[in-house]
Amino acid sequence: MAWHLQLSVDRGSIRPLHEQLRSGIKQMIEAGTLRPDAPLPSSRRLADDLGLARSVVVEAYQQLSAEGYLVSVDRSGTRVARHALTIASPAARAPQSEEPASTDPPIRWDLRTGLADVSGFPRGEWSMCLQQVLQTATPAHLEYPSLSGVVELRRELAAYLGRVRAARTSADTIMLTAGFAQGLALLCTMLAEMGHTAVAVEDPGHPGQRRFIEGIGLNTVGIPVDAEGLDVEALAASGARAVLLTPANQFPTGAVLSDRRREGLTSWARQVDGLVVEDDYDAEFWFDSPRRPASVQGIDPDHVAYGGSASKTLAPGLRLGWLAVPAHLMPALKRARARQDLGASTLDQLAYAEFIATGRLERHLRRMRKRYHERLTTFVGAVDAHLPELKTSSSVGLHSFLTLPSHLDERSLVKAARRSGVLLHGAEHFTRDRPASPGLVVGYARHTPDALIGAVRALAAAVGTLT
């Protein structure tokens, strides 16, 4: 077997060696395991790998080149021809779809939620932090990391979350994860092992998280949401002993969990010995800072697991997240983690610790708050000007909820918007058990002010086709 190509020859076969080699490479190309433009080992290297005379490999390569499967490129060696699949067997060609082409126009404005403006990622500052880490990381940092993550970042996060979110935590009660998604998976795995069978979720809420929880094997129980946030009385009546919620900016309605409900929520958790999972997904983007509520975790750190990530503040591609959990749950959480992986990238964690410690995170957030606030203000103003019948009921975070008047059908408007080049979801998309108040959930963060004005005008034109 060759080291540099998954290929072998049979010296006991009556087929010539060069023909075996030619046939094997051709089969790999037709099967798609050798893709167009993929480099092949040099004839000398492949001959050494297979213990053949170099002339055998040269002959096989020459035949495949003559058939159009390989090309020889100056100073780049031999590669699979870019058009190789067009001459391969029919089975190797990509199947042609029999679906009719969509008659919808191309999407000009993607207003779905969960999309931050990654063009604002501070490449230069992040690069400096990585450079610093590469120069100072010890050999121990390059070994398998602690299941909880590097202590340097856990210390920085404990201090940062205490300062900006009034969280009561420490390095010993923080676990670093690959985004909040992994944190939620770990918590649900832990809850199942502790005997929980269900997790209460907000309704409306994040449909992806509901499917995520159910995929792990737990049931979800929808709890209604109103202007004060999650209905704690309905939660108490549900029978669940764990709940996932977004108290600072309820997703997707934008409701803020009231002080009365916060007290009721933590009281419920103590009474049932339950767990509140606080998803603080975009609390960094409150634009009226005096009104920004503190974390629920700070009220009762013994019954609240606080989750956050860098996905909205920096970029989801970093896959940096964290959980601040009750101290008595850390051993169980580590056991759940040990069965899933061996920790996350140490170098990225150290870079993020440097990013926080040097004040770069807070400077970056000031820049992004200014950018997002301008976009939100532009969007709300455009709605007021072009869609005065729609009410903007959320003005924090990276999305906005538009309440529809009674004469507009939500489904019809979503379809009409798509025909106008606007992609978004209606409130129904986020509901579980009960009808939602008709509305549109709009993610505005990725678009410039001019683009948002264009999107609202297109949306107004879509409304015009329905009235």
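Guide: This is a predicted model, in which local features need pLDDT of at least 70, side-chain atom pairs count only at pLDDT 80 or more, and totals for chains, interfaces and linings use all residues. Residues are numbered from 1 along each chain as its sequence is written, and side-chain values use heavy atoms, with hydrogens and water left out. Helices (H or I, at least four residues) and strands (E, at least two) are DSSP runs numbered from the N terminus. Contact means heavy atoms within 4.5 Å; axes are lines fitted to C-alpha atoms, for helices over the stretch in contact, with angles from 0 to 180 degrees between N-to-C directions. Here helix 13 (residues 360-386) lies across strand 12, strand 13 and strand 16, at about 15° to strand 13.

Visitor: In what order do the strands of the open sheet come?

Guide: Two strands pair if DSSP finds at least two bridges between them. The order is 12-13-16-15, with antiparallel pairing. Strand 12 (391-392) and strand 15 (425-426) are the edges, each pairing on one side only.

Visitor: How many bridges join strand 13 to strand 16?

Guide: There are 5, between residues 399-403 and residues 439-443. Thr403, for one, has Gly439 of strand 16 as its bridge partner.

Visitor: Which residues are closest to the centre of the largest cavity?

Guide: On a 1 Å grid over the protein atoms alone, a cavity is a set of points where a 1.4 Å probe fits but cannot get out; lining residues have an atom within 4 Å of a point. Asp280, Glu284, Ser309, Thr313 and Trp322 are the closest, out of 15 lining residues. Helix 6 (151-165) and strand 10 (304-309) are the elements giving two or more residues to that lining.

Conventions:
1 Å grid on protein atoms, 1.4 Å probe; cavity = no way out; pocket = protein on both sides within 12 Å on 5 of 7 lines; lining within 4 Å.
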